[in-house]
Amino acid sequence: MTERHTGASRRHILGLGAAAAALPFMPHVARAQAGGRLVVSTWGGDYANLLGSNIDKPILGPKNIEVTQDVGTEPARIAKLIAQRRLPRGNVDIICAQAPASYDLNEAGLLEPLDEGKVPNMRHILPELRTNYALPHIFSPQIFIYNTERVQQPPTTFNDLMADRFKGKVGILDNSFIYVVMAAALAKTGDAMNVQAVKPELEKLIRDGNKTYTVTDAFAPALRSGEIDVGPVWQARTIFWQKAGVAVKSSFPTEGSVVYVSSMSVPKNAPNKAAAFAYLNAMLEPAAQRGFADSMGYLPTSSEATLEGEVAQRLALPEPRPKLVAPDYAKLAAVRDELNDWWRRLLDGR
Amino acid sequence: MSQARGLTAGLLIGPATMIVLGALVAPLALLARYSLNRYDRTNFMIEAFTPENYLRFLYDPFYTGVLWTTLWIALLTTALCLLLGFPIAYRLARSQSRWKSAGVLLVILPLFIGSTVRALGWMGMLGRGGLVDSAVAAASPGSSFPLLYTPFAVVLGILSINLPYMVLTLQSVIEGIDARVEEAADSLGADPSRRFLHVVLPLALPGLATGSVLVFILAMNAYATPLLLGGARFQMMAPMLFREYAVNNNWPFAAAIAFILMVTTLTLTAASSAFVQRRYKAA
């Protein structure tokens, strides 16, 4: 948590008031780009800390942009944004959200359209991740993690997880089940969004006694203890757990990897849009992107941010480069509530 | 004179009443209003006046099933708390030992640790490769005995959290029962079981009811324990409510679930209180 409180002294407020009164007579100040205060609505923890150390301080500090983080869970922050939709001036300049949530916000007409005129670094974004309403910040492909002591022949396709040799030994993360469904659909039909076609297989996978975990961090002890041997997770997680000393490696599905994208966008009623565009541009700078790859194991979304040394070795995509599949967020939005309901009932088994 | 006193009393309780109204009743009223709204993913919540959230819950065996699971877990843990808590409370209450305060402290001590932390401790005990599993594997190589992610683990977790509340409530009630009453029963020839059933138990009944209501409410609303020890396949009301509210952002349905949980808990609590009061009067 790096939530900082910007206390305003009486003198400060008086100064601001005087400056505001003088503003109409100082056109060059009114036009001045990207300065002042900027509010970033973000998750807490490591992510927020890394935003501070890789973007806020080194890049925006010298530009006199003072960043304040509004830390919270994604649904709560999104609810807040929706609640402010009718205000001409909201209080959030940048909203960090997973790509599916950003799609929903854009559908609701809440996001400012983005282009290279506003954010020049947009031209370096990997084409498969690019949209004109939310810029991808970091991403991670879904891979198969496996315990190297017990699995001699790693799975190479989602269909392998359904094979008898892994029966009862597959772990699934409850909080990213939708991505598991898409991976299974991709393997079975070649289309990650053909989710209805793969329900029978997943129903069998769950009823075969494979394990599901409510918290991501329960996955590593299960892999270590032998409760599970394999499971689909984000590549970033493998690297994180390898660092923690768990004997795991990852293999890429031959049919392609569905990707998790964490993105940033600007609400239409953001109070400081100029600073928000500068922030988006800064987060796409190679140095800022590398900082996240190094600490969290997420891949850069900018083609300019090449990785070097040990980080490159840990994170490098194998050759030939695996197919990366970004979900079709429109189709995902259409089926998400129904999938959610189906998944709850399936787990419950009633 | 008496009118002035009434006015003073009114002035004195006024602020407290306003705080209770503001802090408790107003949010509940707002929640009740939300529960009649309609959910929409892009617009979040649409103003409406519909009972559909309640009907969705009550007519779907999946949701009522979760309510039943919550009920039986809460009733079972309450019964176990009574069974295990009474002897401890009785011993503590009647103790003349200088270690009595140490005993009370031992009962209170677990309350210093949050329920999430304790659930994590149980995960280490009951999980695969945990203490219990390792002991079983050592005794009979090749076998495994993982208890985590079972209803047993949830009952154990809730029991460990709620037991101190029961013991402390019962202890204070038993201390209020005059020990000479028991001595009188003894001197009149009652054996220990008769003394317990006909003297101690009826006198302790209001305390039993208070303790049971307390731990029952806590169990009905348990969140961290079922989530961490029950796993994804075990569903109880509080984690389900939280998922609807904070993951799916479906505030109207979450509000309806909250009211159904609250009304169920209140009804059962009121019913048990009424039952005990009648028995108490009869006794």
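Which residues in α9(B) are buried? I take a residue as buried if 20 or more other C-beta atoms, placed from the backbone, lie within 10 Å of its own. In α9(B), I found B:A204, B:G207, B:A209, B:G211, B:S212, B:V215, B:F216, B:A219 and B:M220 to be buried.

I note that this is a predicted model, in which local features need pLDDT of at least 70 and side-chain atom pairs count only at pLDDT 80 or more, while totals for chains, interfaces and linings use all residues. Residues are numbered from 1 along each chain as its sequence is written, and chains are lettered from A in the order in which they are written.

I located a bend of about 55 degrees at B:L205, with the proline B:P206 following within four residues. The bend is the angle between axes fitted to the seven residues ending at a residue and the seven starting there.

I then turned to the chain pair. Contact (C-beta atoms, placed from the backbone, within 7 Å) links 24 residues of chain A with 20 residues of chain B. On the chain A side, α4(A) gives the largest share, five residues.

Lastly, I checked A:S41, in strand β1 (residues 36-42) of chain A. A:S41 counts as buried because it has 25 C-beta neighbours inside 10 Å. Among the residues that A:S41 touches are A:D70, A:R77 and A:V92.

Technical notes: Two residues are in contact if their C-beta atoms, placed from the backbone, lie within 7 Å. Helices (H or I, at least four residues) and strands (E, at least two) are DSSP runs, numbered from the N terminus. A residue is buried if 20 or more other C-beta atoms lie within 10 Å of its own, exposed if 12 or fewer, and partly exposed in between; C-beta atoms are placed from the backbone. Lists of a residue's contacts leave out its neighbours within four places in sequence.
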